[in-house]
Amino acid sequence: MSTMAIDKAGPSRKVKYGSMSRDRTWALRWSYFFLVLFAIFFLTPPVYMLITSLKSSAEISAATNPWWVFHPTLSNYVELLTSNQFLRFFWNSSIVSIVVVIITMLISIPAAFALARMKFWGSATLATGVFLTYLVPDSLLFIPLFKMLALVQDLTGITLLNRWYVLLFVYPTLTVPFCTWIMIGYFASIPKELDEAAIIDGASWLQTLLRIFIPVALPGLIAATIFAFTVSWAQFLYPLVFTTSVDQLVLPVGIITTLIKGDVFNWGQIMTGALLGAAPPLIIYAFLMDYYIAGLTAGATKG
Amino acid sequence: MADVSLRKVIKRYDDVEAVRGIDLDISDHEFIVLVGPSGCGKSTTLRMIAGLEDISDGDIMIGGDVVNDVPPKDRDIAMVFQNYALYPHMTVAENMSFGLRLKHYPKAEIKARVTEAARLLDITDLIDRKPKQLSGGQRQRVAMGRAIVRNPKVFLFDEPLSNLDAKLRVQMRIEIKKVHQKVRTTTVYVTHDQVEAMTLADRVVVMNKGRIEQIGTPNELYHKPATRFVAGFIGSPAMNFIPCRLEDAGGTLQIRLTDRIAFALPPARAARYNALPRTDRLLLGIRPEHLTEAHAHLDPGVETFDTVLDVTEPMGMETLVYFGLDGTPVCGRVNPNAGAKDGAPMRLAMDLNNMHLLNEESGVVL
């Protein structure tokens with residue numbers, strides 16, 4: 001519909017110089033067109049998940065229109081939410097993600113502050129190094145990491161592998177470099193005079209960080225927090241590798257390993273589990289979206 | 001409050017010497033302005049006094065104590081920055097009290113000091129606002145307030161008015177002067193604006209290429225510049241420098257500007273310059289206000305000449321006239337009613353009682 005309208009109007013359009021509003025109108029129409037297109041593209045899978053999650057197994061396997069629910073049921077939700085196993089996955093995921101976010105922030109904030117502000121020998125190289133670490137994909141890292149942790153386990157006698165808390169050591173290898181990198185950019189955009197003023201006012205480095213930098217860079221910190229949480233929550237490869245017992249699994253791996261039995265896919269529950277799993281990040285994004293966008297773009301221009 | 005002394009202070013960045021051995025004594029209560037073009041080392045000097053830059057060599061003393069290795073917070077100084085550097089997440093009151101709160105002053109005293117500073121700066125109504133709700137001038141007042149509440153030994157100002165528009169700059173200049181008259185804290189003020197330097201300072205330090213060119217009261221610098229740089233930097237429009245040479249003519253010493261124009265020097269000047277070799281390449285330094293329209297009655301030492309004006313700039317209370325003397329552009333200041341017109345001939349008078357003579361090579365005022 002919208003393409004038709006644009007094509008028809010296109011050739012008959014007279015060039016009117018100085019007509020800003022006309023150009024603007026067309027720019028807006030095109031934006032809407034593509035926005036709607038992308039919205040449809042990206043929203044179709046979740047909608048399909050929602051539809052499937054409301055169907056019984058019989059209806060899913062029946063040869064009816066897959067895009068419509070003829071006999072809606074909440075049985076999948078009831079089953080999952082009353083299953084101790086699923087709640088266990090949810091709990092594991094929550095505790096891992098929250099603790100990883102805390103660990104990440106505790107490391108990234110001071111690291112970014114030091115790299116952005118304390119000029120020391122090699123600080124610039126180190127900052128680039130931090131970012132390069134992030135570029136190494138987890139599919140390359142998991143084997144050496146596994147070996148390392150196995151070695152630590154052998155040497156110390158502390159059981160790490162196949163325990164949910166091993167993820168607390170593993171996830172930060174993904175989250176810390178990126179979060180540090182975002183915050184270096186954010187801290188660097190804070191005018192130098194601000195910390196000089198604080199230093200002259202008598203603040204120590206730590207006080208400057210806690211009382212000036214963190215409050216001023218709050219949008220950036222929130223962006224980094226959301227990122228760390230999302231990465232931890234959605235991580236699949238590492239928990240798949242490092243945890244195997246059912247009671248140690250996090251949500252993404254738990255859903256796949258327990259709801260697919262051999263070649264039997266329990267589609268209704270898989271979709272329900274995935275939807276329920278997507279809820280926490282979604283809620284966080286919804287509340288903090290403005291901060292997130294402000295945080296990601298703030299480093300780009302001088303603040 | 002305290003005096004500040006710099007002894008052979010040097011600042012090197014890798015191979016570049018930004019500050020090349022500065023000696024400066026600032027006495028208690030004094031308002032000192034460091035002025036010079038960008039890159040002259042004035043801000044670096046200020047930042048070294050603040051402790052924000054390490055010094056490469058020499059000594060800095062505040063109140064008699066060498067502070068070379070004392071961190072900024074222990075130097076008991078306060079600084080006002082060009083971009084205000086207010087903490088954006090704090091209110092005006094919180095901004096002003098931040099330093100005191102860090103030092104755990106009693107709440108009642110903090111409140112009293114903030115209230116007093118706010119009253120002094122006329123920002124009492126703004127005390128609960130955030131910096132982004134303030135105008136540029138108000139922000140600068142808050143920045144000054146933040147310095148005042150600390151009651152430091154020394155105030156340091158780093159181009160505090162450069163971000164303000166021209167009108168506000170004049171207004172704030174007066175405010176700063178008033179504040180200094182009230183609190184009498186030793187002040188070091190950096191600016192590239194010679195008008196600010198002249199109007200604010202007890203003494204002005206003119207810097208160029210990392211060195212001090214001259215230290216003096218505004219009047220001394222204006223009337224008795226030591227070098228061509230100072231002579232040209234202080235005063236607007238700038239002093240004219242006209243190539244010239246000395247000649248003996250019939251027992252009097254005269255100064256020859258062009259083939260056509262030569263003036264007998266007034267007796268006082270003639271006595272002063274008589275010993276100079278006649279062969280030296282010299283510059284006549286004369287300020288535009290000493291090049292005016294010729295009157296019927298001429299004071300002694302005032303000489304007239306005819307020229308054709310290139311351009312005139314009516315300023316209202318005066319008209320600036322531009323003309324050439326053997327290719328050297330010269331600026332004069334005439335009465336707006338003197339009838340100066342672009343391209344028109346005019347008879348001008350040069351007041352040689354206020355002339356300066358400079359060695360062209362060394363730039364030294366003779």
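Is D122(B) buried or exposed? Select D122(B) and see: the residue is exposed, with 11 other C-beta atoms within 10 Å. (A residue is buried if 20 or more other C-beta atoms lie within 10 Å of its own, exposed if 12 or fewer, and partly exposed in between, with C-beta atoms placed from the backbone.)

Before going on, two notes on the model. Residues are numbered from 1 along each chain as its sequence is written, and chains are lettered from A and ligands numbered from 1 in the order in which they are written. The model is predicted: local features need pLDDT of at least 70, side-chain atom pairs count only at pLDDT 80 or more, and totals for chains, interfaces and linings use all residues.

**Stop 1: chain B as a whole**

Colour chain B by secondary structure to show nine helices and 21 strands. (Helices, H or I with at least four residues, and strands, E with at least two, are DSSP runs numbered from the N terminus.) The C-alpha atoms of chain B fill a box of roughly 80 × 45 × 35 Å, taken along the principal axes. Of the 366 residues in chain B, 39% count as buried. Of the contacts in chain B with a separation of 6 or more, 66% are between residues 24 or more positions apart. (Two residues are in contact if their C-beta atoms, placed from the backbone, lie within 7 Å.)

**Stop 2: backbone details in chain B**

Return to D122(B), in the loop between helix 3 (107-121) and helix 4 (136-149) of chain B. Phi of D122(B) is near 60 degrees, a positive value in a residue other than glycine. Next select D14(B), in the loop between strand 1 (4-13) and strand 2 (16-26) of chain B. Phi of D14(B) is also positive, near 50 degrees. D14(B) counts as exposed because it has 5 C-beta neighbours inside 10 Å.

Now go to the loop between helix 8 (228-233) and strand 11 (240-249) of chain B, where P237(B) is found. The peptide bond from S236(B) to P237(B) is cis, with omega near -5 degrees. Most residues other than glycine have a negative phi, and most peptide bonds are trans.

**Stop 3: where the chains touch**

Show both chains. The contact takes 17 residues from chain B and 14 residues from chain A. On the side of chain B that touches chain A, strand 6 (77-80) and helix 2 (92-102) each supply at least two residues. That side of chain B divides into 12 nonpolar, three polar and two charged residues. (Ala, Val, Leu, Ile, Met, Phe, Trp, Tyr, Cys and Pro count as nonpolar, Asp, Glu, Lys and Arg as charged, and the others, Gly among them, as polar.)

**Stop 4: chain A and its helix pairs**

Chain A has 15 helices and two strands, and buried residues make up 32% of its 303 residues. Among contacts in chain A between residues at least 6 apart in sequence, 76% join residues at least 24 apart.

Select helix 6 (residues 123-135) and helix 9 (residues 172-188) of chain A. They pack at an angle of about 140 degrees, with their axes 8 Å apart. (Axes are lines fitted to C-alpha atoms, for helices over the stretch in contact, and angles run from 0 to 180 degrees between N-to-C directions.) The two helices are therefore oblique to each other. (Angles under 35 degrees count as roughly parallel, over 145 as roughly antiparallel, 65 to 115 as roughly perpendicular and the rest as oblique.) Show side chains for A127(A), V130(A), F131(A), T133(A) and Y134(A) in helix 6, which meet P177(A), F178(A), T180(A), W181(A) and I184(A) in helix 9. By class, this contact has eight nonpolar, two polar and no charged residues.

Keep helix 9 of chain A selected: 14 of its 17 residues are buried, so it is largely enclosed by the rest of the structure.

Next, helix 5 (residues 84-117) and helix 14 (residues 251-259) of chain A pack at about 155 degrees, with their axes 8 Å apart. They are therefore roughly antiparallel. Q85(A), F89(A), F90(A) and S93(A) of helix 5 make the contact with L251(A), G254(A) and T258(A) of helix 14. Three of these residues are nonpolar, four are polar and none is charged.

**Last stop: L167(A)**

Select L167(A), in helix 8 (residues 167-170) of chain A. L167(A) is buried, with 24 other C-beta atoms within 10 Å. Leaving aside neighbours within four places in sequence, L167(A) is in contact with V96(A), Y238(A), P239(A), F242(A) and V250(A). L167(A) and S97(A) are 70 residues apart in sequence and 9.2 Å apart in space, C-alpha to C-alpha.
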